[in-house]
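Here is a friendly walk through one protein model, from a few single residues to the spaces between the atoms. Have the structure open as you read.

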Amino acid sequence: MRILHTADWHIGQTLNGWTRDTEHEAFLRRLPDLVDAHRADALVVAGDVFDGVNPSAESMRMLYEALAALRARHPRLITVMVAGNHDPAGRLEAPAALFRAIGVHVVGVVHRRAGALDLDRHLVPLPGPTGAIEAYCLAVPFLRAADLPGLGQAVDGDGSPVVAATRRVYAEAVASALDRVGRLPLIATGHLHCTGALESVGAERRILIGGEHAVPHDIFPDALAYVALGHLHKPQQVGRAHVRYAGAPFPLSATELGYDHGVTLVDVAAVSARTEHIPVSRSVPCLRLPEAGSVTPAQLADAVAALALDPECPRDTQPLVHVVIRPDGPAAGLAGEVQRLLEAHPLRCAGVKIERPAAAAGEAVPAPAISLAECDPADLFAQAFEAAHATPPGPEHRSAFEDIRTEAA
């Protein structure tokens with residue numbers, strides 16, 4: 001059977017104040033087409049459906065309409081959705097009874113019965129093209145500290161209690177599930193950070209449970225045919241071909257502009273799976289100016305002109321642009337100048353990074369420590385100004401400092 005694996009939609013996200021609703025709606029409209037094109041029997045969404053724990057009514061409407069449209073186009077499709085660390089776990093799961101009526105199985109929190117994972121809530125049968133059950137999905141959401149029994153127990157050697165507890169959760173859950181599924185393939189979900197995977201710096205909130213940030217990929221038992229992961233936004237496998245992040249559907253930060261965003265197509269066999277990355281085109285361009293390195297303020301206007309933008313482009317589909325600027329004078333107010341320049345064009349500023357010149361090799365040795373009592377405040381101001389703006393303060397800056405100094409005296 002075939003499964004489409006996707007994750008990290010982050011519905012409701014904004015970027016420098018700009019809504020991403022147009023991009024989310026475009027991606028969600030494409031989902032039924034992707035299911036059609038690749039003859040998928042099931043859809044697995046591995047967490048971070050929403051961007052925050054208090055999604056707006058518009059964000060929730062967007063999700064509900066997308067799920068309803070999927071069912072209308074594909075009445076036999078089964079959708080399995082788990083909560084990520086960004087999601088309101090309880091609210092995501094609250095409409096579960098209604099969701100089941102349209103073939104959607106949502107697991108927001110860990111459910112236990114008699115101390116063990118409640119498989120009636122977590123184990124989802126997946127029918128194949130003929131309607132017969134051909135695989136099962138063990139739906140495991142983001143694990144919080146309370147979901148890890150024995151977290152405070154000591155472990156042998158220098159092992160991590162968090163890793164040991166997470167490993168125990170998956171080992172026990174998979175062993176119980178295998179007793180039910182027999183010889184049919186078993187896939188599992190996970191929303192966590194696996195050691196060795198590439199994260200998007202500044203975009204993905206670090207998951208810290210008991211001080212831990214990442215767990216090894218071998219916490220997932222070999223008996224699993226496939227592990228559908230969420231949390232990291234770059235599509236990638238981790239350690240083994242059947243342990244994979246689908247990634248986000250489009251760039252959510254400047255560090256993700258070079259990613260080949262999309263979904264993962266999974267052909268499930270008895271105890272293995274073959275995967276294929278399916279790229280998804282971007283409905284709104286996300287750009288970096290320049291493509292590499294940085295530009296001075298004088299060069300930025302030429303870089304924008306070279307984009308040959310359509311002046312009639314609607315505001316919500318105008319390109320989102322990340323600018324890396326290199327000061328050629330004082331950097332104070334430079335970010336505002338960049339924003340104003342971009343506002344004169346059919347662009348939306350997604351962020352401005354001011355690139356400071358690197359210190360020369362001979363300047364790397366720190367100066368010896370001296371007492372503040374031996375320092376002239378004006379000299380300290382001059383040093384701080386130059387460190388911040390890569391240029392000495394001008395007469396107007398020194399004058400302003402002296403005015404403040406006089407008022408404070």
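Asp-8 counts as buried because its relative accessibility is 0%, where buried means under 20% relative accessible area, exposed over 50% and partly exposed in between, with a 1.4 Å probe and protein chains only. Asp-8 sits in the loop between β1 (2-6) and β2 (14-15). Though not a glycine, Asp-8 has a positive phi of about 55°. Helices (H or I, at least four residues) and strands (E, at least two) are DSSP runs, numbered from the N terminus.

The loop between β1 and β2 also holds His-10. Here too the phi is positive, about 55°, in a residue that is not a glycine. With a relative accessibility of 2%, His-10 counts as buried.

## About the model

Please keep in mind that this is a predicted model, in which local features need pLDDT of at least 70, side-chain atom pairs count only at pLDDT 80 or more, and totals for chains, interfaces and linings use all residues. Residues are numbered from 1 along each chain as its sequence is written, and side-chain values use heavy atoms, with hydrogens and water left out.

The average pLDDT (the predictor's confidence in each residue, from 0 to 100) is 88 for the chain, and 88% of the residues score at least 70. Residues 359-365 are a stretch to treat separately: pLDDT stays under 50 there, and the model gives them 0 contacts beyond four places in sequence. A contact means heavy atoms within 4.5 Å.

## The chain as a whole

The chain has 10 helices and 19 strands. Of its 409 residues, 49% are buried. The accessible surface comes to about 19000 Å², with 55% of it belonging to carbon and sulfur atoms; these areas come from the Shrake-Rupley method with a 1.4 Å probe, and for residues only the protein chains shown count as cover.

Glu-25 belongs to helix α1 (residues 21-37) and is partly exposed, with a relative accessible area of 28%. Beyond its neighbours within four places in sequence, Glu-25 is in contact with Glu-58, Arg-61 and Met-62. From C-alpha to C-alpha, Glu-25 and Met-62 are 7.2 Å apart in space, while 37 residues apart in sequence.

Leu-123 lies in strand β9 and counts as buried, because its relative accessibility is 10%. Setting aside neighbours within four places in sequence, its contacts include Tyr-136, Cys-137, Leu-138 and Ala-177. Arg-180, Val-181 and Leu-186 are also among the contacts of Leu-123.

## A cis peptide bond

Where does Pro-290 lie? Its place is in the loop between β17 (286-289) and α7 (297-305). The peptide bond that joins Leu-289 and Pro-290 is cis, with an omega of about -5°.

## The largest pocket

Rolling a probe the size of a water molecule over the atoms shows where empty space is left. On a 1 Å grid over the protein atoms alone, a cavity is a set of points where a 1.4 Å probe fits but cannot get out, and a pocket is an open set with protein on both sides within 12 Å along at least five of seven lines; lining residues have an atom within 4 Å of a point. Grid points are joined across faces, edges and corners, and a volume is the space filled by probe spheres set on the points.

The largest pocket holds about 180 Å³ of space. It is lined by 13 residues, and Arg-100, His-105, Val-106, Asp-120 and Arg-121 are the closest to its centre. Two or more lining residues come from each of α4 (96-101), β6 (104-107), α5 (119-122) and β9 (123-127), and β6 gives the most, with 4 residues. The lining has 7 nonpolar, 2 polar and 4 charged residues, where Ala, Val, Leu, Ile, Met, Phe, Trp, Tyr, Cys and Pro count as nonpolar, Asp, Glu, Lys and Arg as charged, and the others, Gly among them, as polar.

## The second largest cavity

The model has 2 cavities of 30 Å³ or more. By class, the lining of the second largest cavity has 9 nonpolar, no polar and 1 charged residue.
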